[in-house]
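Work through the exercises below with the sequence and the model open. Try each task before you read its solution.

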Amino acid sequence: FPEDFHAYAAYVHSGAEGNPFLLQDYSTSEPQRGSYVILYFSLLALLVRFTGLSIDVLWNVGRFFLILALGLMMWKFTRILFTSERERFLAYALGMLGGGLGGIIFVAGKFIPFFSRIYSTDMTYYLGYSTFGFMFHPLAMVSLIFTLACVYFLHVHLTTKQTKYAFFSGACALLAFFNHPAGGMIALGIFYLTMLWELYRSRGPALLQKTRTLLLSIIFPGGVVLLYLLWARQDFVYAFHQSYYLFLDKREPLIGYMLGLGIPLELAAYALFTRRMFRDAHTQMLILTWFVLAAVASLALPAGVKYLYMLAFPVAALGALGLIHFVPRLHLQFPALGMRHVTLVLLLICISSVPFLIYSRVSEVATQESRHFLSFDEEVALIFLDTQEKGVVLSESRIGSIISYRAPQRPYLAHGFLTIDYKEKQQALVAFYNPSTPAAEKKALLDKYGITLVFYGDDERALGPVPTGIGLVSIWSQNNVTLYRVP
């Protein structure tokens, strides 16, 4: 989604301009102190500041390294699941490329009304494509990398009984939280439950040592998160976003979750129902805990469909286990079916959403929608804005979202979620360009939000003519785009 990239880039822009570790939401014009801790964005902000490269360039270069890190961490993670290289490869392929039935639902929806009703934009980008789809989402990748590391170190700790690995695991859960809070809460949940499970299993003299380990390793990450949330919620903008999100009424149909995870979920269910488990109790407990926590979070949180990517790896682990045991059983029933061929066919079905994802992304860009491209005049106008003093620019959200990370000004209207009171501001913008709206009301809007510049392009022209009687002064114009200064 271009709008989401602009919003994320706006956080990076705030760090490059100001405090790189306490970021601000530049998608809204309200004053704020900066309470967002998003470590990956802080890293990009520092790179922008010291290299002089653009956010766009660093964003895409960083994405490449994140994909590489995710792939390496996933391969290392498979070591705790299986000893056979073939079995590790199956789990790896399902984890990195396995998706749901998003592409099939899209095609079927053209012919079967039922599928068209459950199909949505969110299902296209989140339900159907699992981890591969989220290779376009850096915070999701960072969250997955640290969650994998958290689970991996937990397994090492449970196996070796060395306390240092518990600290490493807690630190990874904390890093996951300070990159993607929802994913981080799942990682922290896995960490907490595992340590409590270890404490429960402790007996005799080991209990005191286990208790000390539990206190040292759990209270630190949990305490840091709690103190941060208490501090951050004193910032009006941060508190508004958290409250708005938690009470957001947006749910996908339950069947969409099942179809979205597709064949890997069915294979995982087969492993669970036939009680095919991993080689040791530690692995079994970790994978099932991750699966349950991610499933509950996805179903409970508003727009929780976005967090199904957190289910990708536990589903892949269980799905590979189901595939390993299902194919021989199918071969016994139908000897004519070769085991390798059946495995390959099922694996291809599991990754069939990947080419559809690529097609859908390319076809969107090929349509040359205005949300993907700027006109030449708009591009030059943004360059001119970069020479102006800080302030607030009145524009439609498409341009506003780009201003949020490419200009020193703040946008009046940008991202549908991150702009405070987005709907009310949008209605006020429509009224601003309505010729029947009194000039005093238009002037009051400018004063209320401290608007210093007005961007008037094709999107704004569609709303109405430039308001008169409020003293707007043209300071730059080229073809279809004009910039006005507010006196």
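**Exercise 1. Find the charge that lies over the face of Tyr412.**

Solution. Step one: take the rule. A charge sits over a ring if NZ of Lys or CZ of Arg is within 6 Å of the ring centre and within 35 degrees of the ring normal. Step two: apply the rule to Tyr412. Lys425 lies over its face, at 5.9 Å from the ring centre. Step three: look at Trp231. The charged end of Arg33 sits over this ring, 4.2 Å from its centre.

Before going on, note the ground rules. The model is predicted, so local features need pLDDT of at least 70 and side-chain atom pairs pLDDT 80 or more, while totals for chains, interfaces and linings use all residues. Residues are numbered from 1 along each chain as its sequence is written, and side-chain values use heavy atoms, with hydrogens and water left out.

**Exercise 2. Describe the protein as a whole: its helices and strands, and its buried share.**

Solution. Step one: count the elements. There are 23 helices and five strands. These are DSSP runs numbered from the N terminus (helices: H or I, at least four residues; strands: E, at least two). Step two: check burial. Of the 487 residues, 53% are buried. Buried means under 20% relative accessible area, exposed over 50%, partly exposed in between (1.4 Å probe, protein chains only). Step three: check the contacts (heavy atoms within 4.5 Å). Among those between residues at least 6 apart in sequence, 69% join residues at least 24 apart.

**Exercise 3. Give the strand order of the sheet and name the strands at its edges.**

Solution. Strands of a sheet pair through backbone hydrogen bonds, either parallel or antiparallel. Here, a pair needs at least two DSSP bridges between the strands. Step two: read the order. It is E2-E1-E3-E5-E4, an open sheet of five strands with mixed pairing. Step three: find the edges. E2 (410-411) and E4 (473-478) each have a single partner strand, so one side of each has no neighbour in the sheet. Step four: zoom in on one pair. E3 (residues 451-456) and E5 (residues 481-485) run antiparallel, joined by four bridges. Val454 stands opposite Tyr484 in E5.

**Exercise 4. Classify the aromatic pair of Phe178 and Tyr228.**

Solution. Step one: take the rule. Rings of Phe, Tyr and Trp (its six-membered ring) pair if their centres lie within 6.5 Å; planes under 30 degrees apart are stacked, over 60 edge-to-face, the rest tilted. The whole structure has 29 aromatic pairs. Step two: use the values. Phe178 and Tyr228 are 5.1 Å apart centre to centre, with 75° between the planes: edge-to-face. Phe178 is in the loop between H10 (163-177) and H11 (181-201) and Tyr228 is in H12 (residues 206-232), so the pair ties together parts 50 residues apart in sequence. Both residues are buried. Phe384 and Trp476 are stacked, at 6.0 Å centre to centre and 25° between the planes. Phe384 is in H19 (residues 376-385) and Trp476 in strand E4, 92 residues apart.
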